[in-house]
Amino acid sequence: MPFHVRQFDKADFDGLWRIDQACFDPQLAYSRPELAFYMRRPGSFTLVAESAQGILGFIVAEAQRKTGHIITIDVVAEARREGVGSALLRAAEDRLLRAGAALVALETPVNNEAAIRFYKQKGYFVEKTVPGYYSGQLDALVMTKELARPVAG
Ligand SMILES: CC(C)(COP(=O)(O)OP(=O)(O)OC[C@H]1O[C@@H](n2cnc3c(N)ncnc32)[C@H](O)[C@@H]1OP(=O)(O)O)[C@@H](O)C(=O)NCCC(=O)NCCS
């Protein structure tokens, strides 16, 4: 399914929130105000993957000096394993690199096997476990990846 990655537009917000609701258990999914908060934070940006059929997924990330942070990446169930997540993550990493980040960090639930495999395949390593990170109930893995700078000359 051909798709392209583009910058978020305000009109996308409801659709993205619905995708987030469908992607995560109620204890993990963002409320509308939470999602809006993360998308509006200084240094934060949102990229959307879109096909002729509509939005397939999105990523929210933020640049904080030398460290980039993936806030969330969500791909609709029908479009998974087709490279959408890879394209979104690559586009976000490129943008973080341009913003001066040398490292990207993220948190993922310890029981989210698909996400852990996905991130490992993209070169992320498990840094540590944070007990009770999600509402005091569920542990998170913190995963990081060093961003490669193009070799000069
Ligand atoms: C994790 C997620 C973003 C991956 O998106 P995707 O579009 O399916 O990922 P891609 O198709 O680009 O996958 C790239 C590679 O990651 C690995 N991968 C992705 N999903 C996987 C799964 N369910 N099981 C095992 N490996 C997986 C594979 O190596 C895959 O390559 P392959 O399909 O050629 O084997 C998607 O499953 C998702 O949105 N899940 C729900 C939300 C979520 O958990 N987000 C992460 C929050 S921390």
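Which exposed residues does helix 1 carry on the face turned away from its buried side? Keep that one in mind while we get our bearings. You are looking at a predicted model, where local features need pLDDT of at least 70, side-chain atom pairs count only at pLDDT 80 or more, and totals for chains, interfaces and linings use all residues. To make selections, count residues from 1 along each chain as its sequence is written.

**Whole protein.** Start with a cartoon view: there are four helices and seven strands, where helices (H or I, at least four residues) and strands (E, at least two) are DSSP runs numbered from the N terminus. Following the sequence, you pass through β-α-α-β-β-β-α-β-α-β-β. The C-alpha atoms fill a box of roughly 45 × 40 × 30 Å along the principal axes. The radius of gyration is 15 Å, which agrees with the value near 15 Å for a compact globule of 153 residues; it is taken over C-alpha atoms, and the globule rule is 2.2 Å times the number of residues to the power 0.38.

**Helix 1.** Now select residues 13-23 and show Leu16, Ile19 and Asp20, which are buried. Here, buried means 20 or more other C-beta atoms within 10 Å of a residue's own, exposed means 12 or fewer, and C-beta atoms are placed from the backbone. Look down the axis: the buried residues fall within an arc of 100°, so they line one face of the helix. That arc is the one of the directions from the helix axis to the C-beta atoms. Turn to the face away from the buried side and you have the answer to the opening question: Asp14 and Ala22.

**Gly68.** Stay with strand 4 and pick Gly68. Gly68 is buried, with 26 other C-beta atoms within 10 Å. Beyond its neighbours within four places in sequence, Gly68 is in contact (C-beta atoms, placed from the backbone, within 7 Å) with Ala61, Ala63, Leu96, Ala101 and Val104.

**The ligand.** Next, select the ligand and the 19 residues surrounding it, the closest being Arg80, Gly85, Ser86, Ala114 and Arg117. A residue belongs here if its C-beta atom, placed from the backbone, lies within 6 Å. Strand 4 (67-75), helix 3 (84-98) and helix 4 (113-121) each give two or more residues to this shell. Helix 4 provides the largest share, five residues.

Methods. Two residues are in contact if their C-beta atoms, placed from the backbone, lie within 7 Å.
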